[in-house]
Amino acid sequence: MSTRIITQTDTLRGELTVPADKSVSHRSIMLGALASGTSVVRNFLRAEDPISTMNAFRMLGIDIRDSGSEVIIKGKGIRGLAEPANIIDCGNSGTTMRLLAGVLAGQPFFSVMTGDDSLRQRPMARVIDPLRAMGADISARCSGKYAPIAIRGTALKPTDFALPIASAQVKSCILLAGLGIDGTVTVTEPEKTRDHSERMLSAMGADIAVDGLRVSLKGGRELQPFELTVPSDFSSAAFFIAAALIAPNASVTIRGVGVNPTRTGMLDILASMGASVVLENARTVSGEPVADIVCTTAPGLRAVTLGKREVARAIDEFPILCILASQAEGTTVIRGAKELRVKESDRIAAMAEGLKRMGAQVEEFEDGIAVTGKAALTGTEIESRHDHRIAMAFAVAGLIADGETAIRHASCADISFPGFYELLGGLTR
Ligand code: S3P
């Protein structure tokens with residue numbers, strides 16, 4: 001069991017680069033494997049989740065080499081995967097399991113996926129049901145709700161889906177399933193979610209069209225291999241942005257961060273809260289917008305009210321936004337966030353519990369939270385629930401809390417952000 005002690009700081013200063021984007025790293029392996037030829041990925045995220053994807057595709061017969069500076073994937077085309085000789089372990093990674101379900105459903109072989117205690121409790125009907133509607137033969141625990149998932153690959157058919165929940169994983173699963181079909185799959189989302197799959201598929205020559213919330217993909221076309229440099233993950237940068245805003249005497253520059261507008265909802269929320277975050281050196285890297293992010297202490301944060309649309313564009317920033325809310329004047333209300341109950345942990349419950357323990361005034365709703373600031377936080381023991389973003393959010397809170405904040409099971413940060421605590425600590429000296 002790893003516990004990290006975080007102490008109050010009187011400054012936060014420096015320049016840093018956070019690790020590569022997790023979503024893009026997962027997709028680079030999956031799409032590289034399905035391409036007809038060799039792809040090269042630079043700045044791949046070597047963290048537990050994308051490594052689960054890498055191991056899965058090795059089990060599916062794909063030669064993937066990591067030279068240290070680049071990852072080289074010898075893609076075998078849409079129909080080139082081989083039957084795995086064992087159960088595929090997706091670890092803690094929902095993205096691995098849900099996107100892979102779409103890839104495997106149309107392959108001419110049998111496969112089984114499982115995951116850790118957290119992943120085996122996360123809802124899988126959201127991908128199994130649409131795949132079944134496409135003709136897939138899939139079985140899963142509890143009448144098709146939870147992993148392990150067993151798939152007998154079969155030919156899939158064109159379908160048009162209106163998704164009941166905003167989920168980039170479900171959208172991407174269906175698009176990946178559509179790659180091998182004779183015809184078109186269409187997905188309409190209730191809110192716009194991250195579009196990395198669409199961007200990469202389009203760059204690889206897939207027959208894909210995006211019209212607002214509607215994405216259509218016509219199957220059967222070969223995918224071209226690519227060279228890709230993965231930008232830094234905005235969702236990892238978010239912890240340092242928040243830390244700089246709430247710490248005293250702070251000035252932090254985060255270099256080369258992916259600022260795809262489907263991911264940066266937090267920047268708009270921060271603007272409404274009265275914080276100014278500056279983007280410099282904006283550029284495009286491998287089809288994704290990238291910039292350096294400069295932030296300094298924001299003394300006058302104001303409370304905000306957030307709903308479904310804002311939540312979808314800042315889905316992974318909910319934990320750190322709750323910490324920021326505790327330092328804003330007034331009551332911040334976040335609703336339409338039911339999805340947060342089924343992330344790596346129940347993030348609504350985890351944030352409500354931890355913030356209350358630190359002395360903040362919090363009200364929990366089935367679909368969200370209300371946090372009243374500005375709260376004087378006190379260091380205490382925080383249970384991360386083995387959830388990387390909960391651990392990192394409370395580590396940031398620890399920087400401004402009186403006394404010591406002890407984060408339990410802190411090493412779960414390695415799921416997306418190896419070296420997080422060292423990087424954070426380096427800015428306080
Ligand atoms: C992801 C989509 C989101 C996000 C997750 C990564 C992706 O999940 O929370 O961290 O890479 O597609 P949902 O699709 O469940 O919202």
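Modeller: Let's start with a term: a salt bridge is a side-chain nitrogen of Lys or Arg within 4 Å of a carboxyl oxygen of Asp or Glu. Glu191 and Arg309 make such a pair, with their closest N and O atoms 3.2 Å apart.

A word on what you are looking at. This is a predicted model, in which local features need pLDDT of at least 70 and side-chain atom pairs count only at pLDDT 80 or more, while totals for chains, interfaces and linings use all residues. Residues are numbered from 1 along each chain as its sequence is written, and side-chain values use heavy atoms, with hydrogens and water left out.

Now to the two domains. The protein chain is assigned domain 1 (3-20 + 231-427) and domain 2 (22-219); such bounds come from an automatic or database domain assignment. Taken over C-alpha atoms, the centres of the two domains are 28 Å apart. Domain 1 brings 28 residues to the contact and domain 2 brings 26, where contact means heavy atoms within 4.5 Å. Together the domains bury about 2,100 Å², with 47% of it on carbon and sulfur atoms. Buried area is the accessible area (1.4 Å probe) that two parts lose on being put together, summed over both.

What links the two sides? There are 4 salt bridges between domain 1 and domain 2. Across their interface, 15 residue pairs are in polar contact, both residues being at pLDDT 80 or more. On the side of domain 1 that touches domain 2, strand S17 (288-296), helix H10 (308-313) and helix H13 each supply at least two residues. H10 gives the most to that side, with 4 residues. A polar contact is a pair of N or O atoms within 3.5 Å; within protein, one must be able to donate a hydrogen and the other to accept it, and residues adjacent in sequence count only if both atoms are side-chain atoms. The labels for helices (H or I, at least four residues) and strands (E, at least two) stand for DSSP runs, numbered from the N terminus.

Let's follow one of those contributors, H13. This helix, residues 388-398, lies across strands S1, S22 and S23, running at about 175° to S23. For such angles, axes are lines fitted to C-alpha atoms, for helices over the stretch in contact, and the values run from 0 to 180 degrees between N-to-C directions.

The three strands form an open sheet in the order S1-S23-S22, and their pairing is mixed. At the edges are S1 (3-7) and S22 (381-383), each pairing on one side only. On average, neighbouring strands here are turned by 25° against each other, direction ignored. Two strands pair if DSSP finds at least two bridges between them. S1 and S23 (residues 404-408) run antiparallel and are joined by 5 bridges; Arg4 stands opposite Ile407 in S23.

Arg4 has another partner: Glu422 forms a salt bridge with Arg4, the closest N and O atoms being 3.0 Å apart. This pair links distant parts of the chain, with Glu422 in helix H14 (residues 420-427) and Arg4 in strand S1, 418 residues apart. The whole structure holds 34 salt bridges.

Cys142, in helix H5 (residues 141-144), has a positive phi near 55°. These spots deserve a second look because most residues other than glycine have a negative phi, and most peptide bonds are trans.

One last stop is a hairpin. Strands S12 (residues 207-211) and S13 (residues 214-218) pair in the antiparallel sense over 5 bridges, with Ile208 opposite Leu217 in S13. The turn between S12 and S13 has 2 residues, and Gly212 in this turn has a positive phi of about 60°.
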